Amino acid sequence: SAGVRVKLAGVSWFGVVTATSSQEDPSQVAVLLKYLGFNAVRIVFSADTELAALDRAVKAVTAQKMLVVLSRHSSKLDFADEEGKQKWLESLSFMAKRFQDNARVVGFDLLEGPTLEETSRTLPVWGAASLPSAGAQTALGVTLADWRTAAAEGAVAVWAGNPQALVVIQGTMYGTDLRHVSDRPLSVAQECLRSRLVYATQERRSFSALYEFYSTVQDMWNPLEYYDGLEDAVQEASFGARAEASSSSSSKGGGATSTATVDQGSFEEFRRVREEAAYYLSTEGKAPVWVSEFGTGEGSTSTWWNYTLRSLAQSDLSWFYSPLGEWRKSADALFDASADGTDRSAVVGWKLQDLLALQAPSALHPARLEVPSECAFLEAPNLAIASQPLSNSQFLATTVWTGVLKVTVGSVALVSLLLGLLLCHCGRVAARRTCGRDTPSWLVPSAPRDMEIPQAPHKKDKSFWSFCSCQRTLEAVPPPMPRAPGRTYRQLQT
């Protein structure tokens, strides 16, 4: 509020959501984190979190004058169905209101990296419209869950509980995909509220599979390959992260065998793919970006680890190392997995040394920022606009039309046009043979003929659709001439 830039250098604390931690005193951990130089803790909670344990953890951390960000964790996409979304929104409002009076609880992370839900084939996307949603459901059997509108509703829920809180929005696919946040912006009724939005990504060695997918998807000829390719990338990323956590090499300074198959390449390539996926928001000054989670089960010589440290130093982003590992042994934790489980002071030395170098703000970035203007949150108009989906025209306008995609879409459009013209031609031929062919009564052999009835000039319908329809119309004509007495049609001919 005073215009001083604050860089958050913290850890993600998952311990409070476990049953074993509910009886533990978190004060010792909080004191140690403060002593190690961290200034923030990201506390993860879920629908099953014991509130008393959460209260103790928040109190212990803020008592050490560290800042707290509360992050909602779930094993499924809570916003994908109406019942689940309602419970999710209520929990956000409840937590925001519960800690409103604690000024050091500064933000709420809406949902832990929403990713593909394979069991229900539900895919979270940033900005879904009716046309692509229907196409995905019909062609692939995939349900698109719009994270953009859900995040807007989640932000309103947080501000309803605490209007001054920061709202942290992670990208889809474990937080790695924020590509459309700029051209499909979050809907808010008050532009001043955008100063209270923060976007977040995650970083893991195995997530390179996702970044590689983002790069190659533009070259796919068959759109039906998209889901299968994404599913494979998500599985590889998830498996790799679990494998790192169970690795036995974390506490060793040497290198470790990686479980991921994606080569990191050069640092420039490493940085480029992340810049396109998320960091561009910060680089271009469009919105702040955090790295809400990053950690490693490999050694200090890992290429990925060193690239990550270099990238964080270059951008000077706020970050949270994950996991802390205070009550559960984990190879990628900051606490030493090989130490006695009751020892709260055993820290992996090489990890701590690397993190200490990132804690202070860089002198290359401004120390002061413009103070946001006063903004009184109005719930009703923001709630009304939050649920408005992206229009089909907006979706098409913000889709990246690469060369391959243009050829694919153009080919489909051309085939559709040719089929339409063929059907039109068949309909026109059929119409010519049947339209207006009722036999006039005066042409029936048994009927007398008074006189040939002159036909009015034919006027063509000039509309587009008339090309495919019958254009023969019968118009009003003059009445027939009176019959000559006592003579038949055959006699008139002679």
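# Notebook: loops, salt bridges and helix pairs

**Entry 1, a cis proline.** I placed proline 323 in the loop between E10 and H10. Helices (H or I, at least four residues) and strands (E, at least two) are DSSP runs, numbered from the N terminus. The peptide bond from serine 322 to proline 323 is cis, and its omega is near 0°.

I am working on a predicted model, where local features need pLDDT of at least 70 and side-chain atom pairs count only at pLDDT 80 or more, while totals for chains, interfaces and linings use all residues. Residues are numbered from 1 along each chain as its sequence is written, and side-chain values use heavy atoms, with hydrogens and water left out.

I counted elements: the protein chain has 14 helices and 10 strands. I checked burial next. The chain has 494 residues, and 46% of them count as buried. Buried means under 20% relative accessible area, exposed over 50%, and partly exposed in between (1.4 Å probe, protein chains only). I also looked up contacts (heavy atoms within 4.5 Å). Among contacts in the protein chain with a separation of 6 or more, 78% join residues 24 or more positions apart.

I looked up two residues. Lysine 65 is not a glycine, yet its phi is positive, at about 60°. Lysine 65 sits in the loop between helix H2 (51-63) and strand E3 (67-72). Lysine 65 is exposed, at 56% relative accessible area. Tyrosine 174, also a residue other than glycine, has a positive phi near 60°. I found tyrosine 174 in the loop between strand E7 (166-170) and E8.

Side chains of opposite charge can pair when their charged atoms come close. My criterion was a side-chain nitrogen of Lys or Arg within 4 Å of a carboxyl oxygen of Asp or Glu. The search of the whole structure returned 19 salt bridges. I followed up several.

- Glutamate 203 and arginine 274 meet through their side chains, at 2.7 Å from N to O. This pair links distant parts of the chain, 71 residues apart: glutamate 203 is in strand E8 (residues 197-203) and arginine 274 in helix H8 (residues 267-283). Glutamate 203 counts as buried at 3% relative accessibility. Arginine 274 counts as buried at 3% too.
- Glutamate 269 bridges to arginine 272, with the closest N and O atoms 2.6 Å apart. Both residues lie in helix H8, 3 residues apart, about one turn of the helix. Glutamate 269 is partly exposed at 34%. Arginine 272 is partly exposed at 33%.
- Glutamate 191 bridges to arginine 194, and here the closest N and O atoms are 2.8 Å apart. Glutamate 191 is exposed, at 53%. Arginine 194 is partly exposed, at 28%.
- I also found a network of salt bridges, which links Arg42, Asp109, Glu112 and Glu293.

Two packed helices are described by the angle between their axes and the distance between the axes. Axes are lines fitted to C-alpha atoms, for helices over the stretch in contact, and angles run from 0 to 180 degrees between N-to-C directions. The axes of H8 and helix H9 (residues 303-315) come within 11 Å and cross at roughly 55°. H8 and H9 are therefore oblique to each other. The scale I used: under 35 degrees is roughly parallel, over 145 roughly antiparallel, 65 to 115 roughly perpendicular, and the rest oblique. I read the crossing of H8 and H9 as right-handed. From H8 the contact takes Phe267, Glu268, Phe270, Arg271, Arg274 and Tyr279, and from H9 Trp304, Tyr307, Thr308, Arg310, Ser311, Gln314 and Ser315. Arg274 of this contact is also the partner of glutamate 203 in the salt bridge above.

A crossing is left-handed if the near helix is turned anticlockwise from the far one by less than a right angle, and right-handed if clockwise.

The axes of helix H5 (residues 147-161) and helix H11 (residues 379-386) come within 9 Å and cross at roughly 165°. That makes H5 roughly antiparallel to H11. H5 passes H11 in a left-handed crossing. H5 contributes Thr149, Ala152, Glu153, Val156 and Ala160 to the contact, and H11 contributes Glu379, Asn382, Leu383 and Ala386.

I listed the buried residues of helix H10 (residues 349-359): Trp350, Lys351, Leu352, Leu355, Leu358 and Gln359. They pack against strand E1 (9-13), strand E9 (289-294), H9 and strand E10 (318-321).
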